[in-house]
Structures are given as structure tokens and as C-alpha cells.
Amino acid sequence: MSFFSRQRHALPNNIIHMMERFGRVEFDPQGSGEDIGSIWIELQRPLQPFAEADPNGFLVALAEAVLPVGGWAVYGASRTLWEFFSSKEIFHKHPAYNAIMSGAIEFLRANRVPQMKVRGYEWQHWVNNGGTSDTWIPPLPTSSQVVLNPTNGHDSLETLMKAGIAHIQNAHYVEALTTFDQVLQLNPAHAPAYAYKGTALTELDRSTEALTAYDQ
């Protein structure tokens, strides 16, 4: 049984890919590498008839498609809903609408996107659900300063991760970037290292590289 209700129309088969692309473009138009002039035609216009003919069904279908995936897909879906329903406040209380918006907010928070880069309606959704400026960025794991052991052939991943986190906590972002790159040399599939690397790059105003790190 559907989490919300059954839709009467079908979304495109490649809806996840469409939403992921749209999310990246909307978050960083210049760094996305996309042709901004044609992005609406390619990624939004095909959805418009469904959204206009059956708003409830569209909201439900989109939520069922993107929520299990999360990430850029849910962020792209949130931007899509704002494009289609920003002036139709009756749908802002729809459970599917709110689930997608909340999912997008958590995606931004998990990736430690600064408040200044959050759109006004996103921030309002956060505040309306009890969020504050103080709680926007989730706290980093606690860690004491770690001194790497120069006698080791290479430091353990755990030691390097603690050192990198300590660097971030002390605003030593260049050093943090170097440390997390060391982790990734040892283990190219270490997901938390990519996330913290993205944080360091964001603080260094290297947003395009940060997006790549978050995506990895």
C-alpha cells in the first residue's frame, strides 16, 4: 500500500535522474555545467501537464519516487514543487509536499550548507518546524586534538579522521582538506571523508569542488 495514496498518472521513467540534475543546477547554476536556458524545457516542462491536471497525484507520485532515494533527487523535487506550487498555498500543507521539503532541508543540513545559501522559503519551512539558526548546522562529532604518530608507515584511517575533524573544529580548513585527502588515498570509498572534505571546501569558498565531494 502506498505511503500517501495511489497516483493516477505516471512520472517519466527517468524522473530520479531528472530531479538530480535539476537539483544540482538550481543549487549551483554556474558550476553545474548545464545550459540554463534549456533546463526548464528539458527537466520541468514534461512534468507540467501532470502537475496542473492532478496536483494531488503529482505530489504523491513525486514523493514516492524521490523520498527513498534522497540526496540531490529530493532537493531537485523540492525545487520543482516550489516552481509549480509556490503560489498555491493550499498544497503547502499536503503531507507529500511537506515530506519532500523536509527531506530537502535535511539534505542541506547534512551537507552543512551555510544558512546564507538557503533560500527564503526553505528557511521558513525550517523555522515553521521548530528550527533555529543555532540548530541549523548539525554539530560535528566531538574530538580532541590528535597528534599524528610520525613513526608509523602511515596513520590509521581512524587517527586521520579524528585529526581532520579536529582541524575543522579549529577552522584549519586547508589542513583538514589535506588530511581527508590522505584518508581517501588509503580508502577511496570512505564516504565520511568525502563529506568532511566537502565541508572544508565549502568553508574555503570552493563550492563547485565541494559539491563534487558531497556527491562522491
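**Close-up views of a predicted model**

**View A. Phe85 and its aromatic partners.** Phe85 is buried, with a relative accessible area of 0%. The model shown here and in the other views is predicted. Edge-to-face geometry characterises the aromatic pair of Phe84 and Phe85, with 6.5 Å centre to centre and 90 degrees between the planes. The relative accessible area of Phe84 is 10%, so Phe84 is classed as buried, the limit for that class being under 20%. In total, 15 aromatic pairs are counted in the structure. Among them is the tilted pair of Phe58 and Phe85, with centres 6.3 Å apart and an angle of 50 degrees between the planes. This pair links distant parts of the chain, 27 residues apart, as Phe58 belongs to helix H4 (residues 55–66) and Phe85 to helix H5 (residues 71–85). Phe58 is likewise buried, at a relative accessible area of 0%. One aromatic cluster is formed by Trp40, Phe50, Phe58, Phe84, Phe85 and Phe91.

**View B. Lining of the largest pocket.** The volume of the largest pocket is about 260 Å³. Two or more lining residues come from each of helix H6 (95–110) and helix H7 (120–128). H7 makes the greatest contribution to this lining, with five residues. By class, six of the residues lining the largest pocket are polar, four are nonpolar and two are charged.

**View C. Lining of the second largest pocket.** The second largest pocket has a volume of about 150 Å³. Helix H1 (15–27) and helix H11 (207–215) are the elements that each provide two or more residues to the lining of this pocket. H11 gives the most, with four residues. Arg21, Arg24, Val25, Gly31, Ser32, Glu34, Trp72, Thr208, Leu211, Thr212 and Asp215 make up the lining of the second largest pocket. Four of these residues are charged, four are polar and three are nonpolar.

**View D. The largest cavity.** Two cavities of 30 Å³ or more are found in a search of the whole structure. The largest cavity holds about 80 Å³ of space. Its lining comprises Phe27, Asn111, Arg112, Val113, Pro114, Lys117, Thr202, Ser207, Ala210, Leu211 and Tyr214. H11 is the element that gives the most to the lining of the largest cavity, with four residues. This lining divides into six nonpolar, three polar and two charged residues.

**View E. The second largest cavity.** About 40 Å³ of space lies in the second largest cavity. The residues that line this cavity are Phe27, Trp72, Phe107, Leu108, Asn111, Val113, Leu211 and Tyr214. H6 and H11 are the elements that give two or more residues to the lining. Seven residues of the lining are nonpolar and one is polar, with no charged residue.

**View F. Glu158 on helix H8.** Glu158 lies in helix H8, which spans residues 157–169. The relative accessible area of Glu158 is 55%, so this residue is classed as exposed, the limit for that class being over 50%. Glu158 and Val183 are separated by 25 residues in sequence, with a C-alpha to C-alpha distance of 8.9 Å.

Note on methods:
Residues numbered from 1 in each chain as written. Predicted model: local features only at pLDDT ≥ 70, side-chain atom pairs only at ≥ 80, totals over all residues. Heavy atoms only, no water. Buried < 20%, exposed > 50% of the residue type's maximum accessible area, 1.4 Å probe, protein only. 1 Å grid on protein atoms, 1.4 Å probe; cavity = no way out; pocket = protein on both sides within 12 Å on 5 of 7 lines; lining within 4 Å. Points joined across faces, edges and corners; volume = space filled by probe spheres on them. Nonpolar A, V, L, I, M, F, W, Y, C, P; charged D, E, K, R; others polar. Phe/Tyr/Trp six-rings, centres within 6.5 Å; stacked < 30°, edge-to-face > 60°.
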